[in-house]
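Take this chain as a reading exercise.

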Amino acid sequence: MLKFKMGYILYSFPNCTKCNEVKSHLKGKEIKYEEVNAGIGEGREKFRDFYSKNKEQIKRDEKGGIPLPIFEYNGKILQGLEGIVENLNL
């Protein structure tokens, strides 16, 4: 199981344009975070656990999928490029 030392976690997929834009935004704000690849291995398990504990706060798209990226910090969850960039008040 993955263990994280920081309070900021970004759930993302590799080669995801919106995820990469969020990473650039976080880098520009000098925000350090742990990144979880929600698509494979231990990252996928970590995301499933996170989702099961927070599913009432996580939105699904019209096909039932979970749009990424998702940024978690200080007990708050921000989802999607716009949601993260516009609402990140650290």
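The dialogue below goes from confidence to helices, strands, salt bridges and single residues.

Q: What should I know about the model before reading it?
A: This is a predicted model, where local features need pLDDT of at least 70, side-chain atom pairs count only at pLDDT 80 or more, and totals for chains, interfaces and linings use all residues. Residues are numbered from 1 along each chain as its sequence is written, and side-chain values use heavy atoms, with hydrogens and water left out.

Q: What is the mean pLDDT of the chain, and where does pLDDT stay under 50?
A: pLDDT is the predictor's confidence in each residue, from 0 to 100. Where it is low, the predicted coordinates should not be read in detail. Here the chain mean is 90, and 91% of the residues reach 70 or more. Residues 1-5 stay under 50. For them the model has eight contacts (heavy atoms within 4.5 Å) beyond four places in sequence.

Q: How many residues does helix 2 have, and what does it reach from its first C-alpha to its last?
A: Helices (H or I, at least four residues) and strands (E, at least two) are DSSP runs, numbered from the N terminus. The expected span of a helix is 1.5 Å times one less than its number of residues. Helix 2 covers residues 41-54, 14 residues in total. Its span is 20 Å, close to the 20 Å expected.

Q: Which residues of helix 2 are buried, and which are exposed?
A: Start with the geometry. An α-helix has 3.6 residues a turn, so residues three or four places apart point the same way. Next, the terms: buried means under 20% relative accessible area, exposed over 50%, partly exposed in between (1.4 Å probe, protein chains only). In helix 2, Gly43, Lys46, Phe47, Phe50, Tyr51 and Asn54 are buried. They lie on the same side of helix 2, because they cover an arc of only 135 degrees around the axis, taken from the directions from the helix axis to the C-beta atoms. Arg48 and Lys53 are exposed on the other side.

Q: What covers the buried residues of helix 2?
A: The cover includes strand 1 (8-12), strand 2 (34-37), strand 3 (70-73) and strand 4 (76-79).

Q: In what sense do strand 3 and strand 4 pair?
A: Two strands pair if DSSP finds at least two bridges between them. Strand 3 and strand 4 are antiparallel, with four bridges. Tyr73 has Lys76 in strand 4 as its bridge partner. Two residues lie between the strands of this hairpin, and Asn74 takes a positive phi near 45 degrees.

Q: How many salt bridges are there?
A: Side chains of opposite charge can pair when their charged atoms come close. The rule asks for a side-chain nitrogen of Lys or Arg within 4 Å of a carboxyl oxygen of Asp or Glu. The count is two. Glu35 pairs with Lys23, the closest N and O atoms being 2.8 Å apart. This pair links distant parts of the chain: Glu35 is in strand 2 and Lys23 in helix 1 (residues 17-28), twelve residues apart. Glu35 is partly exposed at 37% relative accessibility.
Asp49 pairs with Lys53, with closest N and O atoms 3.2 Å apart. Both lie in helix 2, four residues apart, about one turn of the helix. Asp49 is partly exposed at 31%, while Lys53 is exposed at 55%.

Q: Is Ser12 buried or exposed?
A: Ser12, in strand 1, is buried, with a relative accessible area of 1%. Beyond its neighbours within four places in sequence, its contacts include Cys19, Lys23, Glu35 and Leu68.
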